[in-house]
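These are my notebook entries on a protein model. I set down what I looked up, entry by entry.

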Amino acid sequence: MRDSSTGHTGSTGSTARPSRRTVLAATAGVTTALAAGTSAYADSHDDRRLRALISRMTLEEKVGQLFVMRVYGHSATEPDQADIDANLKEIGVRTAEELIAKYRVGGIIYFALAHNTRDPHQIAALSNGIQQASLAQPRGLPVLISTDQEHGIVARVGKPATLLPGAMALGAGGSRQDARAAGRISGTELHALGIRQDYAPVADVNVNPANPVIGVRSFGADPDAVAGLVAAQVKGYQGAGVAATAKHFPGHGDTAVDSHYGFPVITHSREVWETLDATPFRAAIRAGIDSIMTAHIMVPALDDSGDPATLSPTILTGILRGELGYDGLVVTDSLGMEGVRTKYGDDRVPVLALKAGVDQLLNPPSLDVAWNAVLKAVQDGELTEARLEESILRVLRLKSKLGLLRDPYVTDAGVDRAVGTAGHLRAADRIAERTTTLLVNEDGLLPLSRRRSPRVLVVGADPASPSGSDGPPTAVLARALTELGFTASALSTGTAPSAATIARAVTAAGEADAVVVGTYNVSASSSQKTLVAQLRSTGVPVIAVAIRNPYDVAQLPDVQAFVAAYSWTDVELRAAARVIAGRAEPRGELPVPVQRADDPTRVLYPVGYGLRY
């Protein structure tokens, strides 16, 4: 897994919450180091008290505080056998409880693929189990639990939690108020689940349409607009008690290489970086961002050593901390990604990251190798304990700010009050409705008339659900249109439809009054173009809905109507259906320019373009 439960609960999912007495008893080992007469973690912003905690740690415990690690299983103590096997293979432990006991990790990251996020009450129980396991250790401290809940195309927690429009959709909406509200809703729900650090928002400015890893995860191509939305989301998340994380510093928006699988090089000049890439990060810092994530990219204009930014003292200590004045927590992107492993071995990467100025080491491919490498670096004098303590202090400051040092536990009642509430779901729909963007509408085809076009065929791509809990897109669109009064049917044709599949779609179109085609990253050679062209040749009106990148419109010049939804999650698809049916006005405006397919130097649709009814 490259990217970024308790003994009381077993596998039932109940979040049996230890009493206040139990919390204090579990931390009795550090009470002497803190002030007498109050709870063990009183005066949580007092660095003197946090340093007292650090002074009592063994070297091994100090090393552990710097790591944030994945672990498989829905329970901290009783995961399924398949997850036990995965843990033994990848980490050398059976459970989260054993992971904490062996390595004393300061953080754990949740993934849907690791079966950490099955349902809200299970997630809360897992979080409580992790906290109880950590506090049961000598000098035990709460764990900072994190995840990637960007929304849109990256979401680890799915339904019945609220799923919101992603960054580029919010960029199309252009409302800082909506961006802040989305952050507040997401933060409120994560907090109730025991997740107190979210690796969001994305602060990258997406100026490269071919960017394979950022794209619609970015708010857009205008650095000032992106900056405003980033700052709004920071305030939303952090106002809900969850640490926001601006990523990926120093800016991953202009690359054609995915750092999960290669080593991108950003060729911006220092001047371009200052005005483009740095702007949203400066805004995040002004907004009081709790953490910033590094990028595994090389930016020669900032550091010509050939090292990735994650391992660059010039970039992290010199620029981020020195020039930008940031003194919060710095976390790496996943250390299992190829971009940070190209030049150095897995034993050198964590050591070099700490020397560069990193505080948290996220998800190394082998925790044993990374943990022991840091330990050895201290024992050999390459790293000092004082350097580790500098980062541990930042980690503890954040844990203290988030209230983890007072009480890290969550409750079933808190989950029920916060997660997937009717108010949150309604707000998500309203926000999504303000993001849908209409780019083409020949002869006023939209809004589609139920009287003239009652039968609608929905075809197109059905990529897997980002959260594993909604979709498939063609079925969602068909169901939404049916609920709006049409008779709609769905036919999945995929991202690369074959000639036989296209023929089936054309035959089905003969029984329809209109066809909606969900497009997904259409390229010049994509057979999705052939699908649209052959559907168009039937004479039946064709409406394209880009369910990921809005750039698809440049490859489909003959389509009669084109709607950008920016993601294939249900909330955005339902909003697109309401716009198609005329139940909602198209209010979104492009947050990125779309270049012509035949001449990328010319703009087909500029930033701010969007039609209205």
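I began with Arg 104, which is buried because its relative accessible area is 13%; buried means under 20% relative accessible area, exposed over 50%, and partly exposed in between, with a 1.4 Å probe and protein chains only. I found its phi near 50 degrees, a positive value in a residue other than glycine. Arg 104 sits in the loop between α6 (96-103) and β2. Helices (H or I, at least four residues) and strands (E, at least two) are DSSP runs, numbered from the N terminus.

I note the basis of these values. The model is predicted, so local features need pLDDT of at least 70 and side-chain atom pairs count only at pLDDT 80 or more, whereas totals for chains, interfaces and linings use all residues. Residues are numbered from 1 along each chain as its sequence is written, and side-chain values use heavy atoms, with hydrogens and water left out.

Asn 521 belongs to the loop between β14 (514-519) and α20 (527-536). With a relative accessible area of 31%, Asn 521 is partly exposed.

Which residues line the largest cavity? I listed Met 57, Glu 61, Gln 65, Ile 100, Arg 104, Val 105, Ser 134, Arg 139 and Leu 141. A cavity is a set of points, on a 1 Å grid over the protein atoms alone, where a 1.4 Å probe fits but cannot get out; a pocket is an open set with protein on both sides within 12 Å along at least five of seven lines; lining residues have an atom within 4 Å of a point. The space in the largest cavity is about 90 Å³, a volume being the space filled by probe spheres set on the points, with grid points joined across faces, edges and corners. By class I recorded four nonpolar, two polar and three charged residues in its lining. Ala, Val, Leu, Ile, Met, Phe, Trp, Tyr, Cys and Pro count as nonpolar, Asp, Glu, Lys and Arg as charged, and the others, Gly among them, as polar.

Strand β1 (residues 67-69) is joined to β2 in the parallel sense over two bridges. Val 68 stands opposite Gly 107 in β2, and Met 69 has Ile 108 as its bridge partner there. On the β3 side (residues 144-147), β2 pairs in the parallel sense over four bridges, and Tyr 110 has Thr 147 as its bridge partner. I also checked side-chain directions in β2 (residues 107-110): Gly 107 and Ile 109 point one way, Ile 108 and Tyr 110 the other way, and all are buried.

Three bridges join β7 to β8 (residues 291-294), and Phe 249 has Thr 294 as its bridge partner in β8.

The bond from Phe 249 to Pro 250 is cis, with omega near 10 degrees, and Pro 250 lies in the loop between β7 and α11 (270-286). I noted another cis bond between Ala 200 and Pro 201, with omega about 10 degrees. Pro 201 is in the loop between β6 and α10 (223-239).

The largest nonpolar core has 115 residues, of which Leu 99, Ile 130 and Phe 249 touch the most other members. A nonpolar core is a set of buried Ala, Val, Leu, Ile, Met, Phe, Trp, Tyr and Cys residues joined through side-chain atoms within 4.5 Å. I found a second, separate core of 66 residues, including Leu 438, Ala 480, Phe 562 and Leu 590.

Technical notes: Pairing = 2+ DSSP bridges.
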